[in-house]
Amino acid sequence: MASLALPQLATQLFTPNRRTVIFALKGVISMALALFVSMYLQLDRPYWAVVSAVFLQIRPESGLVIEKALCQISGSVVGGGAGILILALFMPYPLLALACLTLWIGLNSAASSMVHNANFIYAFAMSGMTAGLVVIMVVADPNANDGRAVFDIAQSRISEISVGALCAMLVSRLLWPVTVKESLRNHARNVINKTLEYLSLELDPKSTHEQRHQHADEILETLIVLNDDSSAVAYEGPEGPGRSRAAHLLVNKVMSLLAVTQIMGRFPRNHPELVSPAFGVLLKDMRMLFIAIAEAPSYEESYNQAQELRRALLEHKAAYVNESAIVIRLTQTAVELVADLVMVLRAYNALENRDQTLLKASKLKTHRDPLIGVVNGFRTAVVFAIGAGVWMSTGSPAAIMLMIMPVVFSIVFARFSLAVLINMLRRLLLSVVVAILVALVYGLGLLAKSSGDFEILVLVLAGPFFIGLLALAERPTLPYGLGICIPFTLIVQPGNHMAFNADTATSNALGLFVGISILYWVFKLITPLDGQFMQRRLLKATARDLTSIDYQNRPENWLNGRMGERLLRLANYDQGSGNPSRHMTDLGFTGLNIGHMSIRLRRRIENHRSAEVDAKLAEWQQVLADTYLVSSQGKKNPRFREVSAELLAAIHSAREPDAQTSTVEGMFERIALTFERTAKGIAETKSQSV
């Protein structure tokens with residue numbers, strides 16, 4: 001499977017676009033500057049500064065580079081402090097020191113599973129790697145047996161990594177700067193257009209299940225990227241924090257659109273007998289206007305058309321005669337949908353032009369599952385322990401490479417699914433082999449005959465680095481770029497006192513190859529948690545959130561924030577299973593939209609609250625969560641209709657129905673129909689698979 005990306009790699013290397021070439025040139029300059037500064041400062045191992053600069057070339061937009069540099073430096077400082085502490089306690093006992101180091105690395109790997117932003121994950125990787133470098137180099141050096149030597153080694157490692165980070169950050173800001181703001185606007189434009197297309201597909205009776213899910217998957221993936229990048233844009237000048245808030249609002253409101261769209265789309269498809277002629281006309285007009293908004297040439301025109309659609313829906317609703325409660329409720333839902341769309345368009349405009357009237361919204365939260373953290377932490381600890389065992393039994397300095405870099409890759413790659421991960425590791429391993437050959441034959445072969453001047457050193461290194469950075473610039477070929485740049489640097493080890501020792505270089509190369517091979521097989525044996533077990537845990541987490549809605553100050557933002565990554569995980573699991581029904585993804589969206597319905601219910605009965613209503617509402621909310629889980633198993637729960645009727649009676653007894661409460665009955669009916677349809681669909685799927 002590693003060969004599948006070779007055509008992509010060839011295209012990337014031989015026909016690169018202008019953006020890729022600029023990124024590669026900036027990367028080479030960053031690495032050359034890092035090497036020059038670290039050699040000028042007479043640091044012990046300048047090649048670690050080069051490695052540090054390499055990692056910052058992944059997503060080299062200026063805001064992301066600054067954020068990653070800060071994460072890299074802070075992670076290194078924490079890791080260096082941890083290494084010093086471990087040695088202060090266990091310097092006379094090397095085995096205990098390595099055991100504590102293994103535990104520290106495992107804890108960092110587990111903690112990295114609790115965040116989604118790649119830069120924050122990288123901070124944990126650097127914390128583990130720096131602690132490993134400090135402890136291992138002290139244990140390996142019989143002369144480093146006092147506190148001063150330990151501190152000097154820790155200071156050197158932190159200095160080298162910080163120099164690389166600062167040089168990459170400086171080059172990113174000064175030479176051909178590419179901003180996160182541009183990336184945010186591109187992603188925002190794409191996600192808005194995709195969302196409008198999705199809205200029109202949901203209202204199109206001829207659209208297919210596969211088409212709708214394809215658009216929903218793409219929207220979720222882009223939302224996660226927008227959410228992650230929004231933290232980095234804050235570093236791009238005084239307007240950065242405002243753009244970050246606008247991105248949060250846009251992401252949050254698109255989640256609301258997805259929730260409401262599910263309501264509008266499923267009803268006419270699954271219950272056409274309940275769609276009145278007037279409501280059918282409304283749905284048709286909405287679909288046409290969504291397409292028109294997506295095709296509008298400017299923000300102003302899109303915004304005006306959305307406002308016009310909102311006014312038309314209110315007029316349409318006012319003209320209803322003898323419509324059912326559920327149709328009135330869904331028409332109000334359509335009005336709320338367009339109101340969210342207006343806010344999405346305003347948030348998009350605020351990415352470029354300041355808008356002080358926009359409200360703050362929550363970021364999408366990382367789905368934190370302690371079980372995933374335990375598995376990832378254990379796997380990384382096993383990778384390090386195997387390397388430590390080889391090192392202790394052989395005493396070979398090359399085994400240090402076997403311990404350090406696989407730990408970094410284990411932490412950074414752990415968030416990917418098994419299918420993607422194995423493919424990435426195969427590509428990484430293939431490129432490591434290429435890098436070893438290039439380093440031994442080309443790099444050391446030429447440098448051994450050179451005068452040792454910095455200029456010659458940079459000229460020799462620039463070629464392999466440029467090729468590796470071209471591959472690093474795009475996600476499909478990223479593993480090739482890492483596999484070329486980092487092993488090449490660690491084998492050649494550029495610096496002030498290069499030894500050009502073939503035996504040492506070959507041993508380091510062998511250590512890197514064996515370490516990545518061990519990482520590959522450990523991931524094969526201790527696989528990331530996938531499949532139905534994790535899907536059920538995600539659904540149970542959603543059910544728990546449904547019972548907590550009443551305790552939140554801003555429940556809609558809170559629910560959107562918690563459901564974003566959860567929906568993407570369910571979609572990824574469904575895609576990996578190859579099941580065309582995509583029931584788990586549908587269940588995730590069902591959890592999102594019934595959560596929104598329960599939030600809207602509370603708004604509507606705000607003036608009808610009493611002790612009895614509050615008690616019945618709490619019971620209804622618990623039954624709502626229970627019925628959600630029961631329907632996910634293909635079963636119906638008649639108790640939901642019963643408790644809905646009891647709550648409706650309590651609302652009517654508290655106060656005379658008004659315009660706000662007149663559609664509550666329709667809300668209950670819509671949710672009940674959703675649960676019954678879900679249970680029926682899953683039961684049929686189960687019966688077909690038996």
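Helices (H or I, at least four residues) and strands (E, at least two) are taken as DSSP runs and numbered from the N terminus. The structure is a predicted model, in which local features need pLDDT of at least 70 and side-chain atom pairs count only at pLDDT 80 or more, while totals for chains, interfaces and linings use all residues. Residues are numbered from 1 along each chain as its sequence is written, and side-chain values use heavy atoms, with hydrogens and water left out.

Two loop residues other than glycine have a positive phi. Q42, with phi near 60°, is placed in the loop between α2 (18–40) and α3 (47–55). W176, with phi near 40°, lies in the loop between α7 (147–174) and α8 (180–202). With buried meaning under 20% relative accessible area, exposed over 50% and partly exposed in between (1.4 Å probe, protein chains only), Q42 is exposed at 51% and W176 is partly exposed at 45%.

Nonpolar cores were defined as sets of buried Ala, Val, Leu, Ile, Met, Phe, Trp, Tyr and Cys residues joined through side-chain atoms within 4.5 Å. The largest such core comprises 104 residues, and L250, L258, M264 and W620 have the most contacts inside it. A second, separate core has 103 residues, including I121, I136, I411 and L512. In soluble globular proteins, nonpolar side chains tend to be buried together.

Zero disulfides (pairs of cysteine sulfur atoms within 2.5 Å) were found in a search of the whole structure. For C71, the nearest cysteine sulfur belongs to C167 and is 18 Å away. C71 is buried, at 8% relative accessibility, whereas C100 is partly exposed, at 25%.
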